[in-house]
Structure formats: C-alpha cells, structure tokens
Amino acid sequence: MKALVYHGTKSVSVDKVIDAKIEKPTDVVVKIATTNICGSDLHMYEGRTNVKKGTVLGHENLGRVEEVGKAVDTVKVGDYVCLPFNIGCGFCANCERGLTGFCLTCAEPGSAGAAYGFAGMGPYSGGQAEYLRVPYADFNCLQLPEDVKQKENDYVMLSDIFPTGWHATELAGIQPGDSVVIYGAGPVGLMAGISANIRGASQVMIVDQHPDRLKLAKECGAIAIDDSKGGAVEKVLALTDGLGADCGCEAVGYQCQDHHGHEVPNLTMNNLVKSVKATGGIGVVGVFLPKDPGAADDMAKKGQIAFDFGTFWFKGQKIKTGQANVKAYNRKLRDLITAGKAKPSIIISHELPLDQAPEAYKNFDDRKNGWTKVILKPAA
Ligand SMILES: [Zn+2]
Ligand SMILES: [Zn+2]
C-alpha cells in the first residue's frame with residue numbers, strides 16, 4: 001500500500017510499504033477515507049522529536065472497515081468509523097477511568113498513552129496511508145451515522161482536534177457565562193473557541209499572529225486578538241475590565257514563537273498567567289515534551305521552562321494539562337455534528353490526495369498564508 005513515510009528532518013515521501021493487516025484477533029483494518037495533517041505532525045517533521053525514521057505518520061483518521069479480526073464483536077465490514085488518535089485497551093486502570101489518553105496496556109513499557117504514527121507513543125503505524133490497523137477495535141472505533149458521506153470532513157475532526165479543543169475547555173473549567181482567552185488560533189485553538197461557545201462562554205478571545213488564522217477565529221465566533229506586534233496581554237486585560245479572563249487555554253505548545261519569530265517556550269504559559277484572573281483556571285493542551293534536544297536554550301533541551309510560578313501562586317490559579325482522552329468526548333461531539341450544532345470542517349483550507357502530502361507538509365510547516373488545515377483523501 002502507499003503511505004506517507006518520515007525519513008528525517010523535513011524529509012517525508014509517499015512510499016510503497018507493507019500492507020496494514022490483522023495482527024491480533026481484536027484488530028480491524030480500515031480503508032482510510034480521510035486523514036489529516038496535524039500541528040503535532042510538524043513537531044516530528046521538523047526533527048524535534050525522537051520519532052523513528054521509517055514511521056508512517058498520521059493520527060487523525062476516518063475510514064471504512066475492510067477486514068475484521070475473529071474476536072471483534074460489534075464492528076462490521078463496511079462500517080464507517082472515526083478513530084481516536086490515542087489507542088486505548090479499555091480494561092487498564094486508566095482506560096477504566098476514562099483516561100484513554102494514558103492507556104497502560106498499549107503504551108511503551110514504563111509510560112502511559114499510545115497513538116498512531118506518533119513519537120514515543122508505541123509502535124503503531126499512522127493513517128496517512130491507504131489502510132490502517134486498528135487495535136482493540138470494539139473499544140476504539142467510533143461508529144458514524146448515515147450522513148457520513150456529506151459530513152465526512154466534519155466527523156474526521158473527532159479523531160483529535162475537536163475533542164482536544166473541547167478538552168482544553170474542560171481542563172480550564174469553563175462554565176456558562178465565563179470569559180475565555182485562548183492562545184493559539186491553529187486548528188486546536190479554533191476548536192477550543194467553538195467548544196467554549198457551545199459551553200456558553202460569554203466572551204471568547206483567541207490570540208494569534210497570523211492573519212488567516214485570526215480571520216478563522218472570527219468565523220468561529222471569537223474576538224480575534226492580533227499579537228503580531230505583541231501586546232496580547234494588555235488587549236485581553238482591556239477587554240476584561242483589567243481583571244483578566246475567567247479561564248484560559250493553551251493551544252500552542254513548546255515551539256511557540258514571539259512576534260519577532262524567535263522560539264520562547266515559556267511565552268504562552270506566562271502570558272496566560274498574566275491574562276487570566278486571580279483564581280481562574282488554565283487548560284494546557286499544546287504539546288510540551290520531556291526532552292527537546294533540538295531547542296535553542298539549555299532549559300528547553302531538558303523540557304523545562306522558566307514559569308512565572310510566583311504570580312501563578314499569588315493569583316491562586318489552577319492549571320490542568322495533557323493530551324485529550326478523546327473517547328471521553330467523541331460520542332457527544334459526534335452528535336453535535338449530526339444535529340448541525342457544530343461544524344468543525346470550517347477550518348479546512350486544503351483537501352488533497354495522499355500523493356501531495358509531502359508538499360502539504362512543507363507549506364503547512366512554513367505557516368504559508370492560507371494553509372490552516374490540510375486533509376488528505378488516500379482513496380481519491
Ligand atoms: Zn492531531
Ligand atoms: Zn488501557
């Protein structure tokens with residue numbers, strides 16, 4: 001089959017690889033209909049993770065079930081399913097509590113959490129390919145309704161960014177009527193904005209530097225705060241009577257840049273402490289890594305940031321962090337899409353065949369204006 005293979009820093013190509021197949025009786029094989037390129041794929045593309053050369057990337061996947069293992073009970077050939085990017089077993093201590101992003105069975109020994117085509121998250125191939133092997137299929141497959149053909153580009157966002165954006169609002173503790181500031185108008189930040197509005201926020205502010213993303217922030221029902229010349233914190237304070245927002249979300253991660261284009265890994269975290277009110281909650285879903293050997297400064301190489309803990313403590317704020325437990329949310333978010341109450345496909349800028357994935361990576365990585373979210377159609 002054809003698949004997008006990582007060969008090294010900024011080097012990917014569509015190659016012939018061994019077909020995805022049933023390896024355990026609890027697996028299914030899915031023929032991929034839509035698979036997205038994610039911002040966290042770019043961390044790997046840029047050589048800023050320990051992902052192995054030869055890995056097939058792609059953790060945001062939707063497709064049609066082609067083959068079913070002997071022990072699979074409810075998933076049938078022909079079903080259209082969306083796969084959470086994190087792979088859970090369903091029976092470990094964390095999965096039992098709904099924390100499927102931290103599965104102990106599927107993870108590498110000594111760690112928690114597994115995913116398709118992802119650095120440090122197990123041996124699983126990604127879905128930027130014609131076919132994908134799905135472990136523990138009864139647990140992991142989210143069944144999609146009959147309108148999947150019309151809403152495929154919406155439902156595929158249930159694999160990661162919509163639940164991850166929702167998770168940011170959950171971690172931040174958003175209540176109806178709250179004001180919310182979100183750092184980052186990439187796909188996850190925009191989904192956090194849509195989620196905050198669904199949850200009844202009175203005011204949603206999204207901070208970014210890129211005009212195409214800021215335009216989308218407005219289309220997602222948020223106040224777009226342009227940080228291309230700095231000053232985001234002051235703008236948020238001006239909009240919140242000088243107090244700061246009730247809640248904040250981080251959707252940028254460890255490679256965040258200041259308005260001069262320099263990487264400053266602590267920037268969004270410290271800006272959140274400043275622009276969220278005393279006692280407010282902060283949810284962090286942007287990716288931070290335990291080690292970043294490619295970073296410019298010595299602290300960042302060790303996965304550390306200079307965090308403004310004094311102000312954080314003095315303001316009595318709360319922080320919650322981590323990858324989204326997609327299965328905790330994806331059913332209900334699917335139902336919002338089915339009911340026409342959420343349309344996450346609004347952020348898609350490019351829909352391309354798999355063969356064009358390498359140039360899509362380049363353009364998305366260059367933050368080329370207008371490349372806000374790329375989806376691939378391997379079956380097209
Ligand atoms: Zn993703
Ligand atoms: Zn588990």
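A disulfide is a covalent bond between the sulfur atoms of two cysteines. In this predicted model, a search of the whole structure for such bonds returns zero disulfides.

Aromatic side chains were examined next. A pair of aromatic rings is described by the distance of the centres and the angle of the planes. Over the whole structure, five aromatic pairs are found. Phe307, Phe309 and Phe312 are joined into a cluster by ring pairs. A charged side chain is also placed against an aromatic ring: Lys327 lies over the face of Phe139, and the separation from the ring centre is 4.4 Å.

Helix packing was considered last. Two packed helices are described by the angle between their axes and the distance between the axes. Helix H5, spanning residues 161-172, packs with helix H6, spanning residues 187-198, at an angle of about 60°, and their axes are 7 Å apart. Because of this angle, H5 is oblique to H6. The crossing in which H5 passes H6 is right-handed.

A further pair is formed by helix H8 (residues 232-239) and helix H9 (residues 267-275), whose axes cross at roughly 25° and come within 9 Å. H8 is therefore roughly parallel to H9, as angles under 35 degrees are classed in this way. H8 passes H9 in a crossing that is right-handed.

Terms used: Residues are numbered from 1 along each chain as its sequence is written. Chains are lettered from A and ligands numbered from 1 in the order in which they are written. This is a predicted model: local features need pLDDT of at least 70, side-chain atom pairs count only at pLDDT 80 or more; totals for chains, interfaces and linings use all residues. Side-chain values use heavy atoms; hydrogens and water are left out. Rings of Phe, Tyr and Trp (its six-membered ring) pair if their centres lie within 6.5 Å; planes under 30 degrees apart count as stacked, over 60 as edge-to-face and the rest as tilted. A charge sits over a ring if NZ of Lys or CZ of Arg is within 6 Å of the ring centre and within 35 degrees of the ring normal. A disulfide is a pair of cysteine sulfur atoms within 2.5 Å. Axes are lines fitted to C-alpha atoms, for helices over the stretch in contact, and angles run from 0 to 180 degrees between N-to-C directions. Helices (H or I, at least four residues) and strands (E, at least two) are DSSP runs, numbered from the N terminus. Angles under 35 degrees count as roughly parallel, over 145 as roughly antiparallel, 65 to 115 as roughly perpendicular and the rest as oblique. A crossing is left-handed if the near helix is turned anticlockwise from the far one by less than a right angle, and right-handed if clockwise.
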